[in-house]
Amino acid sequence: MAPDEVTAVAAGDITDRRVLRGIRNRDAVVDALLELLRLGELSPTVGQIADRAGVSLRSVYHHFDDLEGLFGAVADLHVATIVDKLRAVDSSGPLAPRIKRFAAQRAALAERVLPVYRASLLIRSTSPTVHHRIQRGNDYLRHEALATFRPELGRTTGWRVEAIDSAASLDGWTRLRIIQDLTIPRSTRVVAQTLGAVLGSGDG
């Protein structure tokens, strides 16, 4: 191999290592923020994030212009991981077991996203990025809930649709778990019983 070829290979290897290090650092920052949120630190500083990730403040700002961009990346990663494992509840079959399966699945989902969701609500009013992701996530969950109970709802657009959306929402779960301080099993039962009461009504 000619000297200039050796130099080119070496330069390429250095570039590859730098790219990989950059990717690792970026992932470490995202993971650090997610860990802090799960630990209950809903408004972490850049310094806290950098310390947890084991990188410099400069590295954080190199990958993200501001906390809004970082929160957006965390939200995307979190939602992608969860949605990939989410399977829609079959809308056929008896209503009671369907409600039970749906409530259990929605409870597991809501509990996993609760730390990130609560933190997102704190900056929603000042962050278009976060606001958009919250809205998109809520729209998705509303669609899944209504699809699960479409046989009972038919084409109605009345109060039952909004009641189901509310009962199965992340906001509803947040209130049950944080404001009312209910356990996960009890919160799940409340969701299931509310859905049963709404869907059992013939008044559309």
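This is a predicted model: local features need pLDDT of at least 70, side-chain atom pairs count only at pLDDT 80 or more; totals for chains, interfaces and linings use all residues.
## The core

Let's start inside. The largest nonpolar core has 52 residues, and the members that touch the most others are Val29, Leu70, Phe149, Ile164 and Leu195. Helix 5 gives the largest share, with eleven residues.

Leu195 is a handy place to look around from. Leaving aside residues up to four places away in sequence, Leu195 touches Ile99, Phe102, Phe149, Ile164 and Ala167.

## Helix 5 against helix 10

Two packed helices can be described by the angle between their axes and the distance between those axes. For helix 5 and helix 10, the angle is about 135° and the axes are 9 Å apart. Helix 5 is therefore oblique to helix 10, and the crossing is right-handed.

Who meets whom here? On the helix 5 side there are Leu95, Ile99, Phe102, Ala103, Ala104, Ala107 and Glu111, and they face Ile184, Thr188, Val191, Ala192, Leu195, Gly196 and Leu199 from helix 10. By type, the residues of this contact come out as eleven nonpolar, two polar and one charged.

## Helix 9 and its cover

Helix 9 has its own set of buried residues: Leu170, Gly172, Trp173, Thr174, Leu176 and Arg177. Helix 5, helix 6, helix 8 and helix 10 are among the elements that cover them.

Is Asn138 buried or exposed? With a relative accessible area of 18%, Asn138 is buried, because the cut-off for that label is under 20%.

## Past the end of helix 9

After helix 9 comes Asp181, with a positive phi. Asp181 sits in the loop between helix 9 and helix 10. Most residues other than glycine have a negative phi. Asp181 is not a glycine, yet its phi is positive, near 60°.

As for solvent, Asp181 has a relative accessible area of 63% and so counts as exposed, since that label takes anything over 50%.

Conventions. Residues are numbered from 1 along each chain as its sequence is written. Side-chain values use heavy atoms; hydrogens and water are left out. A nonpolar core is a set of buried Ala, Val, Leu, Ile, Met, Phe, Trp, Tyr and Cys residues joined through side-chain atoms within 4.5 Å. Buried means under 20% relative accessible area, exposed over 50%, partly exposed in between (1.4 Å probe, protein chains only). Helices (H or I, at least four residues) and strands (E, at least two) are DSSP runs, numbered from the N terminus. Contact means heavy atoms within 4.5 Å. Axes are lines fitted to C-alpha atoms, for helices over the stretch in contact, and angles run from 0 to 180 degrees between N-to-C directions. Angles under 35 degrees count as roughly parallel, over 145 as roughly antiparallel, 65 to 115 as roughly perpendicular and the rest as oblique. A crossing is left-handed if the near helix is turned anticlockwise from the far one by less than a right angle, and right-handed if clockwise. Ala, Val, Leu, Ile, Met, Phe, Trp, Tyr, Cys and Pro count as nonpolar, Asp, Glu, Lys and Arg as charged, and the others, Gly among them, as polar.
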